[in-house]
Amino acid sequence: WSTTARKVDGVLEVGGVALTDLVAEHGSPAYVLDEADFRARAAAFNTAFADYDVYYAGKAFLCTTVARWVIEEGLFLDICSGGELAVAERAGVPAERIGFHGNNKSVAELTRAVELGVGRIIVDSFHEIERLAQIVSAGSTSGARMTARVLIRVTAGVEAHTHEYIATAHEDQKFGFSISSGDALEAARQITAIEGLELLGLHSHIGSQIFDSAGFEVAARRVLALHAQISDEVGVVMPEMDLGGGFGIAYTTQDDPSDPAQLAIELTKIVTEECKARDLAVPRLSIEPGRAIVGPAMCTVYEVGTVKAVELDAGAVRTYVSVDGGMSDNIRTALYDADYSATLASRASDAPVLLSRVVGMHCEAGDIVVKDEFLPGDLVPGDLIAVPGTGAYCRSMASNYNHALRPPVIAVAAGATSVVIRRETVDDLLRLDAGAAASMGD
Ligand code: LLP
C-alpha cells in the first residue's frame with residue numbers, strides 16, 4: 001500500500017480521499033495514484049543514490065503529470081519508445097534529462113531524439129550504431145552539427161532470479177551486446193571511430209522485480225572489467241556507467257525486497273574499489289528504477305459484480321468474486337503468474353473470511369486479478385475491492401481486450417482528486433474503427 005492508505009470505519013482512504021467518494025465521482029474501476037507517495041519514493045531514491053543520476057523508468061507508468069513530478073523531484077527520465085518521447089516532450093522534460101532505450105528504435109525515433117538533443121541514447125545493436133552514424137552525418141552535411149551521446153547496452157551474463165520474461169542479462173535473449181563474445185568491445189571501437197558519436201559509458205540492466213542484490217553486484221564487476229578494457233584497448237575513459245533498474249517491491253506480505261539504500265552503498269563501494277585498483281577515474285553512476293517508485297504508489301479500485309462459490313476437489317470451496325475490470329487493466333497475474341492482494345474497501349465487515357479469487361469480466365478463465373485472498377464472506381454486488389501495488393506495468397500494459405474501456409488514473413493528494421488520465425469512452429474506441437462512421441444501411 002502507499003504510505004497514506006488507511007482504513008476509517010472500514011472505508012479505505014488514500015491521500016485523504018475515501019475510495020467510496022472517489023468512485024462516486026469518477027466511477028469504477030479506477031487506478032488511484034498517491035502523489036505524495038510517488039514523490040516521496042522518487043525523492044528517497046535520489047537521497048539513497050545521492051552520488052548517482054536516478055532515471056525514472058517511464059515504461060512502468062508514464063503520463064505528462066508523472067513526467068513533471070519526476071523532473072520536479074530532481075530525477076531524470078528513461079524512455080523506450082517514440083510514444084514515451086512524445087509524452088516527455090509534451091510534459092516539457094528537458095531533452096538532456098532523457099535517456100532513450102530500446103532494442104529496435106526506428107530511424108524516425110532516433111532522428112527525433114538526436115534533433116531534440118536527448119541526453120543519452122542507449123545503443124543496443126550494430127545496426128543501431130550504423131543508423132545513428134547516418135543520422136548524425138546527414139544532419140551535419142545539412143548545416144547543423146549533430147552529435148549523439150551514447151551508452152552501450154551490455155549483456156553481463158548474469159542469471160537474475162526473476163520471471164524468465166523479465167530477466168534480461170543472461171546470454172540467450174534479445175537485449176544488448178554480449179561482453180563474453182567480444183561484441184561489446186567491438187561496439188566501443190566502432191562508436192569511438194564515428195565522428196558525431198560520443199561514447200559516454202556502458203549500461204547494464206539485469207532484469208526486473210529482483211530481490212537478491214548479488215546479481216547487481218556481479219553485473220557491476222563485469223561491466224567494470226569491460227570499462228577498464230575499453231580504457232586500455234580503445235583508449236577511451238568513459239565518464240559514466242548505468243547499472244539499470246529492477247529493484248523488487250513487496251506485492252504480498254510474503255515478499256521481502258532488499259533495501260535500495262543498502263544496495264547503493266554496496267555498488268558504490270564495488271565501483272570505487274575496482275576503479276582504484278585499476279587506477280581509473282570513477283565514472284558517474286546512474287540507475288533506472290521504475291517499479292520501485294510507482295508500483296506501491298497506485299492501487300486499483302473495482303466494484304464487485306457477482307459472487308459465486310465454487311466447490312474444489314477436496315470439498316473445499318473457493319469464492320469467485322467478479323469485478324468490473326480484469327486482465328485488460330492488470331495483465332501481470334495472467335502473464336507472469338504475479339501475486340497480488342486485495343481488500344474490501346467500502347465498508348467494515350465482521351463476516352468470517354473465505355478463500356477467494358478476484359476475477360475480471362473478460363472471456364477467459366485465466367482472467368484473474370488476485371489468485372488467492374481471504375476476503376469477508378458477506379461480499380455483495382456493489383462492494384468495492386482495492387488491489388494495492390498496481391502502479392507499475394498495469395496501466396502501462398493495459399489493453400482494450402473485449403473492447404474494455406481502459407480505466408482512468410486519478411491522482412489523490414491532501415484530500416482532493418485530479419484526473420491525470422481520463423477514462424476511455426466508447427467514442428475513443430470507435431474513433432479508430434474506420435468503418436464506424438458509416439452506420440449499417442448507409
Ligand atoms: N531500465 C531498463 C533498461 C529496463 O528495461 C527496465 C525494465 C527498467 C530500467 C525498469 O525496471 P524496473 O525498475 O521497473 O523493474 N512488464 C514487466 C516488467 C518489464 C520490465 C522491462 N524493463 C512486469 O510487469 O513485471
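Reply: Let us begin with domains, whose bounds come from an automatic or database domain assignment. The model is a predicted one. Its protein chain is divided into domain 1, made of residues 6–32 and 297–431, and domain 2, residues 49–294.

Me: How many residues of domain 1 are in contact with domain 2?

Reply: Two residues are in contact if their C-beta atoms, placed from the backbone, lie within 7 Å. Here 17 residues of domain 1 are in contact with 14 residues of domain 2. On the domain 1 side, at least two residues each are supplied by strand 20 (409–413) and strand 21 (416–421). That side consists of 11 nonpolar, 4 polar and 2 charged residues. As for the separation of the two domains, their centres, taken over C-alpha atoms, are 34 Å apart.

Me: Which residues come nearest to the ligand?

Reply: The shell around the ligand holds 22 residues, of which Ala57, Ser208, Gly245, Gly290 and Tyr393 come nearest. Helix 10 (291–294) and helix 11 (332–336) are the elements that give two or more residues to this shell. By class, the shell has 9 nonpolar, 8 polar and 5 charged residues.

Me: From which domains does the shell around the ligand draw at least three residues?

Reply: Both domain 1 and domain 2 contribute at least three residues each to the shell around the ligand.

Me: I turn now to helix packing. At what angle do helix 3 and helix 4 pack?

Reply: One reads the angle between the axes first, and angles of 65 to 115 degrees count as roughly perpendicular. Helix 3 (residues 64–72) and helix 4 (residues 82–91) pack at about 65°, and their axes are 9 Å apart. Helix 3 and helix 4 are therefore roughly perpendicular to each other. The crossing of helix 3 with helix 4 is right-handed.

Me: Which residues of helix 3 and helix 4 meet?

Reply: From helix 3 come Thr64, Ala67 and Arg68, which meet Val87, Ala88, Arg90 and Ala91 of helix 4. The residues of this contact comprise 4 nonpolar, 1 polar and 2 charged.

Me: How do the axes of helix 7 and helix 8 cross?

Reply: The axes of helix 7 (residues 183–192) and helix 8 (residues 214–233) cross at roughly 45° and come within 10 Å. That angle makes helix 7 oblique to helix 8. The handedness of this crossing is right-handed. In the contact, Ala184, Leu185 and Ala188 of helix 7 meet Leu226, Gln229, Ile230 and Glu233 of helix 8. The contact of helix 7 with helix 8 has 5 nonpolar, 1 polar and 1 charged residues.

Me: Is helix 8 roughly parallel or roughly antiparallel to helix 9?

Reply: Angles under 35 degrees count as roughly parallel, and those over 145 as roughly antiparallel. The axes of helix 8 and helix 9 (residues 260–277) cross at roughly 25° and come within 10 Å. This makes helix 8 roughly parallel to helix 9. Helix 8 passes helix 9 in a right-handed crossing. Phe216, Glu217, Ala220, Arg221 and Leu224 of helix 8 meet residues of helix 9, among them Leu263, Leu267 and Ile270.

Me: Finally, how should I read the backbone itself?

Reply: Most residues other than glycine have a negative phi, and most peptide bonds are trans. In this model, the peptide bond from Ser28 to Pro29 is cis, with omega near -5°. Pro29 is found in the loop between helix 1 (19–26) and strand 4 (30–34).

Me: What is the phi of Asp337, and where does Asp337 lie?

Reply: Although Asp337 is not a glycine, its phi is positive, at about 60°. Asp337 lies in the loop that runs between helix 11 and strand 16 (343–344).

Note on methods:
Residues are numbered from 1 along each chain as its sequence is written. This is a predicted model: local features need pLDDT of at least 70, side-chain atom pairs count only at pLDDT 80 or more; totals for chains, interfaces and linings use all residues. Helices (H or I, at least four residues) and strands (E, at least two) are DSSP runs, numbered from the N terminus. Ala, Val, Leu, Ile, Met, Phe, Trp, Tyr, Cys and Pro count as nonpolar, Asp, Glu, Lys and Arg as charged, and the others, Gly among them, as polar. Axes are lines fitted to C-alpha atoms, for helices over the stretch in contact, and angles run from 0 to 180 degrees between N-to-C directions. A crossing is left-handed if the near helix is turned anticlockwise from the far one by less than a right angle, and right-handed if clockwise. A residue is near a molecule or strand if its C-beta atom, placed from the backbone, lies within 6 Å of it.
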